[in-house]
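Trainee: Please take me through the features of this structure, giving the general idea before each case.

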Amino acid sequence: MRSSKIFSVWHGIPLFILLFFLAPILIILSSVFADYSENWSHIYEYVLGDYILNSLILVSGVSLIVMIIGSLTAWLVSNYQFFGKRFFEWGLILPLAIPPYILAYTFTGLFDSYGTMNEIARSLFNLEQNEMLFPNIRNIYGAIIVFSFTLYPYVYLICRTAFLNQSRSMFEVGRTLGLSQASIFLKLALPLVRPALIAGTMIVAMETLSDFGAVDHFAISTFTTGIFRTWYGMYDLTTAMQLASMLLIFITFCLVIERTSRKNANYSTIGSNFKPTQVTRLGSLGSFVCFFVCFIPIFIGFILPILEILNWSLRFNTSFFNEQFFSISLNTVLLSILSAILCTFIAMIINFSIRYKNSSVIKSINPFLNIGYAVPGLILAVGIVQLFVFLDNNILNSFEGYFLTGSLFGLIFAYIIKSYALANSTYEAGYQKISQTIDDSARVLKSTGLNLLFRVHFPILKTSFFTSILLVTSEVVKELPATLILRPFNFETLAVSTYIYASEERMVEAAAPATAIILIGLIPIFFISQMIRASRLEKS
Amino acid sequence: MKNILEIRNLSHAYDQASSIIKDFNFSLKKGEIVSILGPSGIGKTTLLRIVAGLEDVMDGEVIISEKVASKKNFLLPPEKRNLGLVVEDRALFPHLNIEKNVMFGISHIQERESLAQEYLSLFKVADLSKKYPHEISAGQQQRVAFARALITNPDILLLDEPFGALDKNLKEELHEETKKIFKNKDLSVLLVTHDEEEAKYFSDRIIEFQEDKIFIR
């Protein structure tokens with residue numbers, strides 16, 4: 001393949017983007033070397049232990065549950081024929097449409113002392129007003145359930161692919177060696193997908209550590225709530241950044257494990273003598289058990305919250321789908337689409353540069369641009385605020401007041417960094433389908449640089465372009481912590497609006513923005529379900 | 001007759017350990033058709049890509065129309081070499097119809113549409129001009145690829161196994177037609193193939209690449 005050693009604009013653009021992407025993160029990390037204030041001593045002495053302990057309990061509990069749900073459901077839909085299997089194959093990812101904070105709000109509405117479920121229980125079993133059938137959910141165990149049932153699809157998806165790639169012959173040998181169906185799963189299939197299982201679980205761990213909305217609603221002291229309180233309660237940004245650095249180091253550790261595991265995730269995949277797994281048809285009892293096991297996660301993670309939101313909507317009619325709601329929706333959609341277009345353009349330029357210049361420098365930049373997805377929105381927001389204050393004070397000081405700080409730029413910047421990995425993966429997949437000979441022919445026909453990009457690559461990759469815009473838009477709509485911090489004064493999005501209503505205990509009014517978020521969140525589910533259907537066809 | 005292409009002491013390798021082309025010398029005259037024959041992985045396509053400017057050279061020189069096009073640490077980009085390229089998978093742009101594919105390299109010329117029709121007629125695919133690549137057969141796609149490469153009036157036409165994906169009858173039919181066109185237009189052609197019959201039929205000269213040896217017939 002041709003390589004170009006000459007430094008050009010196609011090398012410069014990725015380097016420039018990298019600088020901007022890494023700046024907020026490096027600013028946060030640099031705080032480790034700053035002076036430690038009295039607030040830090042207070043946090044260190046009284047609450048840091050809680051932050052660490054709660055974060056560890058949360059991550060351990062969630063990891064254990066998602067590993068069980070994700071691997072078990074993936075094994076069942078990959079290896080057995082039972083009632084509803086075709087639906088479950090894609091239905092099991094439905095909870096991904098509901099962000100953890102919305103599940104937390106709906107669970108509060110469902111399971112609080114006077115929540116829907118306890119009210120139903122009281123009327124069904126003639127209980128007293130002070131009696132409760134369902135325990136209080138606003139605690140760390142409730143949070144573990146909330147995170148587990150919204151995030152298990154990450155483990156399910158990666159395990160399902162790994163199980164589908166396991167060869168039947170291996171299990172047949174296992175059976176001849178005396179293993180039962182259950183032992184095949186526990187002693188053969190599961191150990192073989194261990195890297196995939198760990199990779200999926202690490203994504204869940206990172207998402208759990210990054211969350212702000214759900215833990216804040218359940219009043220659990222974790223790193224993210226601590227960072228928020230230190231900044232907005234103590235007005236001490238440096239200490240907030242120092243806390244953020246600790247969390248960032250924690251998350252980097254998860255990221256390294258995830259990346260390493262992902263590399264090994266295909267150690268059990270298709271070889272030359274691959275035979276697809278034989279799907280076992282189950283009797284009525286087995287079919288019922290499998291149906292039940294697969295239905296429960298969807299019921300808890302998707303159907304229950306949807307029912308509760310519908311209940312809120314019906315009980316308080318539709319009056320809150322008012323002008324303010326539509327104005328907030330418009331804000332959200334416009335901001336998300338703008339961010340998605342910019343993010344997609346950046347991914348397009350970077351991937352084009354890699355392809356066009358075939359340079360190892362640009363290739364090595366791309367993984368660093370991708371790490372934004374692992375950085376919690378709250379930390380990113382803190383870094384961006386610091387960066388913008390610096391730029392406003394030192395470079396853009398000819399403008400009256402602040403130009404960048406407190407503007408929509410910060411929000412868009414955060415969304416781009418957080419969503420770049422999504423746009424990039426869409427483009428990478430698209431580029432893999434274009435033969436190198438297309439580029440060679442175009443170049444010989446005198447089409448180079450932007451001409452090659454816009455006359456050849458862009459039209460061929462139109463589907464990747466629009467898919468990326470849809471996926472990033474739906475991701476941005478759900479984003480809460482960065483939006484909460486970086487939004488301009490009095491500017492609301494659907495996520496912020498849901499958060500504000502929920503934090504004021506006006507749960508029913510949160511129904512309108514929450515419904516909108518879930519509907520938009522269904523977009524990527526549609527795409528993933530299409531991919532699952534396609535993989536099913538390939539397999540058959 | 002003057003040389004349109006000269007390769008002097010060319011060496012190329014993908015890694016330090018193995019050299020794929022070593023100290024190779026070659027020249028192509030105006031209007032001459034030369035085949036590079038040899039098994040897969042021997043370096044035939046690499047040679048073609050070096051001539052096209054799609055690959056750097058490690059040592060030696062490539063001279064096109066009496067100007068140095070490639071040497072160590074220098075590469076005249078492909079778009080400035082005035083070449084035509086036809087590859088086995090045709091590499092037609094899937095988003096453009098046949099006519100626009102053929103006009104791709106001459107978009108700056110005013111009479112591009114009439115010129116496109118002329119070349120499409122020459123390769124007997126004029127009636128397909130509004131169709132898209134996926135709507136026509138492999139043989140028709142190959143004719144379009146030839147029309148697209150020739151319309152720019154290249155100094156040298158580079159062919160990388162252009163008939164490889166076609167069945168025997170279609171291959172023979174296209175051999176005859178294309179050779180006639182190349183000779184009529186006095187084109188200089190460098191053809192890479194692993195098919196000895198094809199090389200014999202098509203070429204004025206054959207360069208055979210074998211393990212550590214190069215034969216000129």
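**Reading helices, strands and a chain contact**

Mentor: A:Leu391 is found in helix H16 (residues 377–394) of chain A; helices (H or I, at least four residues) and strands (E, at least two) are DSSP runs, numbered from the N terminus. This is a predicted model, in which local features need pLDDT of at least 70 and side-chain atom pairs count only at pLDDT 80 or more, while totals for chains, interfaces and linings use all residues. Residues are numbered from 1 along each chain as its sequence is written, with chains lettered from A and ligands numbered from 1 in the order in which they are written.

Trainee: Why is A:Leu391 classed as partly exposed?

Mentor: A residue is buried if 20 or more other C-beta atoms lie within 10 Å of its own, exposed if 12 or fewer, and partly exposed in between, with C-beta atoms placed from the backbone. A:Leu391 is partly exposed because 17 other C-beta atoms lie within 10 Å.

Trainee: Which residues does A:Leu391 touch, not counting those up to four places away in sequence?

Mentor: Two residues are in contact if their C-beta atoms, placed from the backbone, lie within 7 Å. On that count A:Leu391 touches A:Leu396 and A:Leu404.

Trainee: At what angle do helix H14 and helix H15 of chain A pack?

Mentor: Axes are lines fitted to C-alpha atoms, for helices over the stretch in contact, and angles run from 0 to 180 degrees between N-to-C directions. Helix H14 (residues 323–357) and helix H15 (residues 360–370) of chain A pack at about 160°, with axes 9 Å apart. H14(A) contributes A:Ile350, A:Ser353, A:Ile354 and A:Lys357 to the contact, and H15(A) contributes A:Ile362, A:Lys363, A:Asn366 and A:Leu369.

Trainee: In what sense do S4(B) and S5(B) pair?

Mentor: Two strands pair if DSSP finds at least two bridges between them. S4(B) and strand S5 (residues 67–71) of chain B are antiparallel, over four bridges, and B:Glu61 stands opposite B:Lys71 in S5(B). The two strands form a hairpin with two residues between them, and B:Ser65 in the turn has a positive phi of about 50°. Strand S1 (residues 3–12) of chain B also pairs with S4 (residues 59–64) in the antiparallel sense, over five bridges; B:Glu6 has B:Ile63 as its bridge partner.

Trainee: How many residues does each chain give to the contact?

Mentor: Chain B gives 19 residues and chain A gives 15. Strand S7 (residues 83–87) of chain B gives the most to the chain B side, with four residues.
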